[in-house]
Amino acid sequence: MKVKKGEVIFKEGDPVTGIYFVYTGLVKVYKKWDTEKELIIRFAKEGATFGHRGLGNNSTYPVSAAAMENGVICYISLEFFEATLKVNSNFTYQLLMFFADELRESERKMRNLAHMPVKGRVAEALVALQKQFGINADGFINIAISRQDLASYSGATYETVFRMINELVNDGLISLSAKSIRINNHDALSVLAQDIMFP
């Protein structure tokens, strides 16, 4: 099915009917945080699956998903998906490995939210985005992300992330062009991303 930028594909609390794959485009998977805020859990690009967090004994999706750009999304009903798992052991194994990676990433993100300073979380988010999306011909991270979405991905307020971005620019670690961000000093940014304050 075709989706437009900003279109919500499913909402937290919707009944689970199947899972989705990104054929073209980009999708953000997020969870409500307070009444008006959201925490972006991950980005799903071409070839990625989403909606799988509703599998198991859940009858509703514990997260929401929305298109970040125009694209095409493939939907697979729960019945067909479960039937495929039962007859395709290699697919089931690959999915198990994917779930293990997802769980490890979720645990790391929760640890960072609890113990990492905001500047470190912003640095970590930028390093992760470059790793996932690569860079374009001009050296910028190959995703146009709004400051609000970067804040939601970092688990911080828009105002705080705006200030941290300006500090990183002044420190010469990154440079900006509209919504595009270029990492100028990957090593220094990675050091910030490892700055965890244990109590």
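This is a predicted model: local features need pLDDT of at least 70, side-chain atom pairs count only at pLDDT 80 or more; totals for chains, interfaces and linings use all residues.

Helix H4 (residues 147-154) lies across strands S4 (27-33) and S5 (37-44), and runs at about 90 degrees to S5. Such angles run from 0 to 180 degrees between N-to-C directions, with axes as lines fitted to C-alpha atoms, for helices over the stretch in contact, and contact means heavy atoms within 4.5 Å. Helices (H or I, at least four residues) and strands (E, at least two) are DSSP runs, numbered from the N terminus.

Residues are numbered from 1 along each chain as its sequence is written, and side-chain values use heavy atoms, with hydrogens and water left out.

**Helix H4**

- 7 of the 8 residues of H4 are buried, so the helix is largely enclosed by the rest of the structure; buried means under 20% relative accessible area (1.4 Å probe, protein chains only).
- The buried ones are Arg 147, Asp 149, Leu 150, Ala 151, Ser 152, Tyr 153 and Ser 154.

- S4 and S5 belong to an open sheet of 4 strands in the order S2-S7-S4-S5, with antiparallel pairing. Two strands count as paired if DSSP finds at least two bridges between them.
- Its edge strands are S2 (8-10) and S5, each pairing on one side only.
- On average, neighbouring strands here are turned by 35 degrees against each other, direction ignored.
- S4 and S5 run antiparallel and are joined by 7 bridges, with Lys 31 standing opposite Leu 39 in S5.
- The two also make a hairpin with 3 residues between them, and Asp 34 in the turn has a positive phi of about 65 degrees.
- S4 pairs with S7 in the antiparallel sense over 4 bridges; Tyr 30 has Ser 64 in S7 as its bridge partner.
- S2 and S7 run antiparallel too, joined by 2 bridges, and Phe 10 has Ala 65 in S7 as its bridge partner.

**The other sheet**

- Another open sheet of 4 strands has the order S1-S8-S3-S6, again with antiparallel pairing.
- S1 (2-3) and S6 (49-50) are the edge strands, each pairing on one side only.
- S1 is joined by 2 bridges to S8 (residues 71-77), and the two run antiparallel. Lys 2 has Val 72 in S8 as its bridge partner.
- Helix H1 (residues 78-87) lies across S3 (18-24) and S8, at about 70 degrees to S8.

**Pockets**

- Ground rules first: on a 1 Å grid over the protein atoms alone, a pocket is an open set of points with protein on both sides within 12 Å along at least five of seven lines, a cavity is a set where a 1.4 Å probe fits but cannot get out, and lining residues have an atom within 4 Å of a point.
- Grid points are joined across faces, edges and corners, and a volume is the space filled by probe spheres set on the points.
- The largest pocket has a volume of about 640 Å³. It has 22 lining residues, with Glu 105, Ala 128, Lys 131, Gln 132 and Tyr 153 the closest to its centre.
- Elements giving two or more residues to that lining are S5, H2 (89-115), H3 (118-133) and H6 (186-193); the largest share, 6 residues, comes from H2.
- By class, the lining of the largest pocket has 8 nonpolar, 4 polar and 10 charged residues. Here Ala, Val, Leu, Ile, Met, Phe, Trp, Tyr, Cys and Pro count as nonpolar, Asp, Glu, Lys and Arg as charged, and the others, Gly among them, as polar.
- The second largest pocket holds about 400 Å³. Of its 21 lining residues, Leu 26, Met 68, Glu 69, Ile 143 and Ala 144 lie nearest its centre.
- S4 and S7 (64-67) are the elements giving two or more residues to this second lining, which divides into 10 nonpolar, 4 polar and 7 charged.

**Cavities**

- The count comes to 2 cavities of 30 Å³ or more.
- The second largest cavity has about 40 Å³ of space and is lined by Val 29, Arg 42, Phe 50, Gly 51, His 52, Arg 53, Val 63 and Glu 102.
- That lining has 3 nonpolar, 2 polar and 3 charged residues.

Key: Buried means under 20% relative accessible area, exposed over 50%, partly exposed in between (1.4 Å probe, protein chains only).
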